[in-house]
Each structure stands twice: as C-alpha cells, then as structure tokens.
Amino acid sequence: MPAAAMGGGDTGGGLAGLATKFCLTGASSMLAEGATFPVDITKTRLQLQGQVRVSIHTETCLSQSARAPTHPHPPNDRPTSRAPG
C-alpha cells in the first residue's frame with residue numbers, strides 16, 4: 001500500500017525525503033504541544049489551588065478540634081435524665 005494512501009504524503013526518497021519527513025514530524029509535534037500546553041498549565045494550576053484550599057481547610061479544622069474542650073462523658077456513656085423504672 002503506498003504511503004499516500006495511509007495518510008503520509010510522498011516525501012521523496014533518500015536523504016532529502018528523510019529530512020523532509022523529519023522537519024514535518026517536528027513541526028507537527030510543536031503544533032500539538034503549542035495547542036495542549038496552555039490547557040495543561042491551566043489544569044495543573046486549578047488542581048493546585050484546590051489542594052491548597054483543602055489543606056488550609058483541613059489545617060483549620062484540626063487546629064479548632066485540638067482546642068475544643070473535651071466532654072466529661074463520651075457520647076455512649078452520657079447519663080440519661082429519665083428515672084429508672
């Protein structure tokens with residue numbers, strides 16, 4: 001099956017064909033990276049912002065619970081106000 005039928009154009013033979021294919025491959029790679037890089041950077045920054053918010057929230061919750069007064073009775077051992085009967 002010829003190369004043109006598979007989607008790759010005829011770049012010629014020999015060293016000139018190899019150089020042409022190398023340059024076209026490099027150009028397509030640069031174009032693809034130029035299109036996806038800004039999206040990837042935006043995604044990473046949004047993920048890091050979310051982690052910082054979660055980490056700050058977790059740190060605040062932990063510090064507040066460490067300062068919270070302890071209850072004299074655990075939840076299961078609380079005395080009931082009902083008279084035994």
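Predicted model: local features only at pLDDT ≥ 70, side-chain atom pairs only at ≥ 80, totals over all residues.
View 1. Partly exposed lies between buried (under 20% relative accessible area) and exposed (over 50%), using a 1.4 Å probe and protein chains only. D40 is also partly exposed, at 37%.

**View 2. The salt bridge of K43 and D40.** K43 forms a salt bridge with D40, and their closest N and O atoms are 3.7 Å apart. The term stands for a side-chain nitrogen of Lys or Arg within 4 Å of a carboxyl oxygen of Asp or Glu. Side chains of opposite charge can pair when their charged atoms come close. K43 and D40 are 3 residues apart in helix α1 (residues 14-67), so about one helical turn separates them. A search of the whole structure finds 1 salt bridge.

**View 3. G17 in helix α1.** G17 lies in helix α1 and is buried, with a relative accessible area of 3%. Leaving aside neighbours within four places in sequence, G17 is in contact (heavy atoms within 4.5 Å) with T11 and G12. Buried residues make up 1% of the 85 residues in the protein chain. The secondary structure comes to 1 helix and 0 strands, where helices (H or I, at least four residues) and strands (E, at least two) are DSSP runs numbered from the N terminus.

**Notes.** Residues are numbered from 1 along each chain as its sequence is written, and side-chain values use heavy atoms, without hydrogens and water. Local features need pLDDT of at least 70 and side-chain atom pairs count only at pLDDT 80 or more, while totals for chains, interfaces and linings use all residues.
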